[in-house]
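Thanks for making the time this morning.

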Amino acid sequence: MLKIESAKVIVTCPARNFVTLKIETKDGIYGLGDATLNGRELAVASYLTDHVIPCLIGRDAHRIEDIWQYLYRGAYWRRGPVTMSAIAAVDMALWDIKAKVAGLPLYQLLGGTSRDGVMVYCHANGKTIEETIEDARQFMAKGFKAVRLQSGVPGLKSTYGVSKGKQRYEPADADIPTENLWSTEKYMRSVPALFEEGRKQLGAEVHLLHDVHHRLTPIEAGRLGKDLEPYRLFWLEDAVAADNQAAFRLIRQHTTTPLAVGEVFNSIWDCKQLVEEQLIDYIRATVAHAGGITHLRRIAALADLYNVRTGCHGATDLSPVAMAAALHFDLSVPNFGIQELMRHAAESDAVFPHAYSYSEGYMHPGEEPGLGVDIDEKAADMYPYKRAYLPVNRLEDGSMYNW
Ligand code: EZ4
Ligand code: CO
């Protein structure tokens, strides 16, 4: 029995907001879990502080599966992003503790390595096709084997996924959501041109990816996938919202471009049909938003039966704690596909010192016991929470309904 003595939530904003759960046991061993839910951070902080932490005190930190079931089934109210991010944070922290007690890096407890390194993809973007390709070239020079290309859309003032100025791109960019204008027609014309030029200039070897951010209808997505077939994408991401999983049948009928979806999924039920009908190729659920390592392993095991591979979300709103957990998972899981990497700001890295590293297109979680990531609480204290939201999208006629 390794008694949970105390637990607390740390909210900090070193260049962006992060919510971190710290669970302490009686032997002074502690674990960390990422509880960041972009734009809804304080809801998860309250869920943990007001409703979860009081139920954790005195429990055996070693009973990871039982505590997961207790929080999921015991709450009566199941699933949803707030609940599942909170459960994820507890789960990550408990795996961190167990691996520290064992004196092993977490991946060893998950079955050991299934590969030598974790292939990551980075984000290249620019206002024009030329700028985007130049950005991709710079990443490839740093060894990246896989690059996501996003470019400004001619005729649209701003595009999600593309920086406004020269500053580093951060999706949550305003204290009341920015409103962007969207035109499916303009977008659908611009993307094939980007990939035609991208493939021509960057060569046949590099993996090219693209993210639609749920902006299309199924039949539009089928058309885009078809138009992109000559450029052999690694994947087309979030082509449509997957609230209706059966909608992917229509896309699948029309294109052989590989499909990825699921960064907003929070449980296995969000992807059960997508996986069982083999409507997707990559599942993007993450340790941070889909119930932690315990639940993501269950999703991956289901996916493995149907040739679906993992492609975990890894944007800047996934803290270094989640990044570390993802890398341990990625290194061990048999049906790994790729891991997203959006480098954190220097301030974020300084608040969360970590053992993971990047080299020549691959990442490794390192050999520290546990997750291999810590939090500098004094540094965290210097950055108070700052409300920030993801942008909202409207069509050119001012309506919100299209996807
Ligand atoms: O919109 O991380 O693939 N990455 C993405 C990100 C997500 C944000 C949401 O919090 O789509 O930019
Ligand atoms: Co995405």
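This is a predicted model: local features need pLDDT of at least 70, side-chain atom pairs count only at pLDDT 80 or more; totals for chains, interfaces and linings use all residues.

Arginine 252 is partly exposed, with a relative accessible area of 25%, where partly exposed is the range between buried, under 20% relative accessible area, and exposed, over 50%, taken with a 1.4 Å probe on protein chains only. This arginine 252 forms a salt bridge with aspartate 281, and their closest N and O atoms are 2.7 Å apart; by salt bridge I mean a side-chain nitrogen of Lys or Arg within 4 Å of a carboxyl oxygen of Asp or Glu. The pair links distant parts of the chain, since arginine 252 sits in helix α8 (residues 248-254) while aspartate 281 lies in the loop between α9 (272-276) and β10 (282-283), 29 residues apart. Helices here are DSSP runs of H or I with at least four residues, strands are E runs of at least two, and both are numbered from the N terminus.

Residues are numbered from 1 along each chain as its sequence is written, chains are lettered from A and ligands numbered from 1 in the order in which they are written, and side-chain values use heavy atoms, with hydrogens and water left out.

How many salt bridges does a search of the whole structure find? The search gives 21, and among them is the one between glutamate 134 and arginine 137, at 3.7 Å from N to O. Glutamate 134 is partly exposed at 38%, and arginine 137 is partly exposed at 35%.

Turning to the sheet, 3 strands form an open, antiparallel arrangement in the order β1-β2-β3, and strands count as paired if DSSP finds at least two bridges between them. Because β1 (4-12) and β3 (30-34) each have a single partner strand, they stand at the edges, with one side of each left without a neighbour in the sheet. Strand β2 (residues 18-25) is joined to β3 by 5 bridges, and leucine 21 stands opposite glycine 33 in β3.

Finally, helix α3 (residues 81-102) lies across β1, β2 and β3, running at about 150 degrees to β3; contact means heavy atoms within 4.5 Å, and angles run from 0 to 180 degrees between N-to-C directions of axes fitted to C-alpha atoms, for helices over the stretch in contact.
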